Amino acid sequence: MLSVVLVGTGNVAHHLFSAFRYSKSVNVLQVIGRNFNALKPYSNEVEVTTDFDKISEADVYLLAVSDNAIQSLSKKLENKPGLITHTSGATEMGAITNSNRGVFYPLQTFSKERRIEFKDIPVCIEAENEEGLNILKKLGESISGNVVEISSEQRKKLHLAAVFVNNFANHLYHIGEDICEKEGMSFNILKPLIQETAQKIMDLSPFDAQTGPARRGDTKTIEAHLKLLENEKQTELYTKISQAILETYEKEL
C-alpha cells in the first residue's frame, strides 16, 4: 500500500482525497494546509496540520497547491525520503527542488460542489526516474483507468489545449447566460444545446462538428448579431471568434 501526504486544501486536493479514500492500495496519512479552518473537513478522517515540521514520512508527497507555491513548498520537503510530486498542468517538473520528484496531473475541471468519478479521468504522470514513474503509475491506477506518461513540454501544451476547451468555453457560457438573463430568459433553455455540442464531438471531429453563421459564411447574420450586442468586450470577442471560424472554413465556402 502506498502512503501519501497531501499538501493543499483546494479543489484538486479535495477531489484527490475523496478518490484515495475509496482506494484499497493508497493510505492518506496526513493533509497539510496553511489555514486550519480549511483543514477541518479532513480532521475527522485523517491527521491534519499546518506545521511543516510535523509532516509524516510517506511514499509520496502530493503538492496540490497553486503553481507559484510549488517551489517554496517543495523546499520544505527536501529532507523527506518520499517522492515529491506536484499536480499542476502548467508547471515543469523542475520547479520541485528535490531530485526525487514527479508530476501527477489529473486532467479535469474540479469544483468542490461537484462530485467527480475518477475512473475515466486521464492522469498524466512524469518522474525523474523509472522507480518514481512506477510509483506514480501505481498511484494513478488506484483511482483511474487512464494513466498516461507525458513530458513537461507535452503537459504544458495539453494544459493550454484544456484552457481553450474548458475555461474559455465556460466563459462563453457565462456570456450566453448574461444575454439570456437580460432578456428575462432562463439559461436552462440553452443547456440541451450545450449537451449536444459536447456529445457531438464524441462522434465527430471538432472541425466537422462546427455549425453556425460563421461556418456558413453568413455575414448578414453576423452583422445582425453584432448590432444586438451592447457590451464592447463581447462585441470584440464575437468578431474575433467569427473571423477565426471564417478563416478556418474559407476554402469550403
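Where does T91 lie? T91 sits in the loop that runs between β5 (83-86) and β6 (101-106). The model is predicted.

**Nonpolar cores**
- The largest nonpolar core has 30 residues.
- Within this core, the residues with the most contacts are F20, V31, L62, F104 and L139.
- Elements giving two or more residues to the core are β1 (2-7), α1 (11-21), β2 (26-32), β4 (60-63), β7 (123-127) and α4 (130-141).
- Helix α1 supplies the largest share, five residues.
- F20 is in contact with V26, V28, L62, F104, L139, S142 and I143, leaving aside its neighbours within four places in sequence.
- Another core lies apart from the largest one and has 15 residues. Among them are V5, I32, I70 and L77.

**T91 and its surroundings**
- T91 has a relative accessible area of 11%, so T91 is buried. The cut-off for buried is under 20%.
- The side chains of T91 and D67 are joined by a polar contact of 3.4 Å.
- Leaving aside neighbours within four places in sequence, T91 is in contact with D67, I70, H86 and R155. One of these, I70, belongs to the core of 15 residues.

**Surface patch**
- L160, F164, V165 and F168 make a nonpolar surface patch of about 430 Å².
- L160 is part of helix α5 (residues 152-182).
- L160 counts as partly exposed because its relative accessibility is 46%, between the cut-offs of 20% and 50%.

Terms used: Residues numbered from 1 in each chain as written. Predicted model: local features only at pLDDT ≥ 70, side-chain atom pairs only at ≥ 80, totals over all residues. Heavy atoms only, no water. Helix = DSSP H or I, 4+ residues; strand = E, 2+ residues; numbered from the N terminus. Buried < 20%, exposed > 50% of the residue type's maximum accessible area, 1.4 Å probe, protein only. Polar contact = N/O pair within 3.5 Å; in protein donor to acceptor, adjacent residues only side chain to side chain. Contact = heavy atoms within 4.5 Å. Patch = residues over 30% accessible without salt bridge, like charges linked within 9 Å, V, L, I, M, F, W, Y side chains within 5 Å. Areas by Shrake-Rupley, 256 points an atom, 1.4 Å probe, with all protein chains shown as cover. Salt bridge = Lys/Arg side-chain N within 4 Å of Asp/Glu carboxyl O. Core = buried A, V, L, I, M, F, W, Y, C linked by side-chain atoms within 4.5 Å.
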